[in-house]
Amino acid sequence: MPIDASQLPSLHGPTKAGQLNDRMGIEILSASLEEVRGRMPVEGNRQPYGLLHGGASGVLAETLGSVLAAMHALPERFPVGLELACTHHRAATEGYVTGVARPLHVGRSTSTHEIVLTDEQGRRTCTAKLTCLHRDTEPRV
């Protein structure tokens, strides 16, 4: 049974200092079973030429897709990323990049999500696809 978006803070609430989402400045803006929306600043996430780092786009995409997978799989199953593919369309150089994750497939053992990232002008900067495995046991930390 999918979890409700109201349970999201318990999934991604206060974390230990130094976690990747915190370091990247990622914020979850809204969450439902149909879509998860979040954003990340370009500042602090640039590559040496001043453009948003492609890996930073991947981190935002995987974060949003993973939250969506968790909302569908928890509490009975535990999603972990299997594959992330990102196509970078245009550079972002300032402001925030916003991402929207939507499910393409949600099954018992896997889910696949499309994540679209846009700049502050609404231009698509990246299209990503994340596939998660829904494990029977919680991953060990």
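Arg46 counts as partly exposed, at 31% relative accessibility; buried means under 20% relative accessible area, exposed over 50%, and partly exposed in between, using a 1.4 Å probe and protein chains only. You are looking at a predicted model, in which local features need pLDDT of at least 70 and side-chain atom pairs count only at pLDDT 80 or more, while totals for chains, interfaces and linings use all residues. Residues are numbered from 1 along each chain as its sequence is written, and side-chain values use heavy atoms, leaving out hydrogens and water.

**Salt bridges**

- The partner of Arg46 is Glu43: the two form a salt bridge with their closest N and O atoms 2.8 Å apart (a salt bridge is a side-chain nitrogen of Lys or Arg within 4 Å of a carboxyl oxygen of Asp or Glu).
- Glu43 is exposed, with a relative accessible area of 57%.
- In the whole structure, a search finds six salt bridges.
- Glu27 and Arg39 are joined by one of 2.9 Å, N to O. Glu27 lies in strand S1 and Arg39 in strand S2, so the pair ties together parts that are 12 residues apart in sequence.
- Both ends of this pair are partly exposed: Glu27 has a relative accessible area of 32%, and Arg39 is at 26%.
- Asp119 and Arg123 also form a salt bridge, with the closest N and O atoms 2.8 Å apart. Asp119 is buried at 6% relative accessible area, whereas Arg123 is partly exposed at 37%.
- Glu35, Arg37 and Arg102 belong to one network, joined by salt bridges that share partners.

**The sheet**

- Six strands make an open sheet in the order S1-S2-S4-S5-S6-S3, with antiparallel pairing. Strand S1 (27-31) and S3 stand at the edges with a single partner strand each, so one side of each is left without a neighbour in the sheet. From one strand to the next, the twist averages 25°.
- Helix H3 (residues 54-73) packs on this sheet, touching S1, S2, S3, strand S4 (96-106), S5 and S6, and its direction makes about 45° with that of S4.
- Helices (H or I, at least four residues) and strands (E, at least two) are DSSP runs numbered from the N terminus, and two strands pair if DSSP finds at least two bridges between them. Axes are lines fitted to C-alpha atoms, for helices over the stretch in contact, and angles run from 0 to 180 degrees between N-to-C directions. Contact means heavy atoms within 4.5 Å.

**Strand partners**

- S1 and strand S2 (residues 36-41) run antiparallel and are joined by four bridges; Ala31 has Val36 as its bridge partner in S2.
- Strand S3 (residues 78-88) is joined to strand S6 (residues 124-135) by 10 bridges, again antiparallel, and Phe78 stands opposite Arg135 in S6.
- Strand S5 (residues 110-118) runs antiparallel to S6, with nine bridges between them; His113 stands opposite Leu130 in S6.
- The hairpin of S5 and S6 has five residues between the strands, and Gly122 there takes a positive phi near 80°.

**The core**

- The largest nonpolar core has 24 residues, of which Met40, Leu52, Leu60, Val97 and Ile115 touch the most other members. S2, H3, S4, S5 and S6 each supply at least two of its residues, and H3 gives the most, with nine.
- A nonpolar core is a set of buried Ala, Val, Leu, Ile, Met, Phe, Trp, Tyr and Cys residues joined through side-chain atoms within 4.5 Å.
- Leaving aside neighbours within four places in sequence, Val97 is in contact with residues including Met40, Leu52, Leu60 and Leu117.
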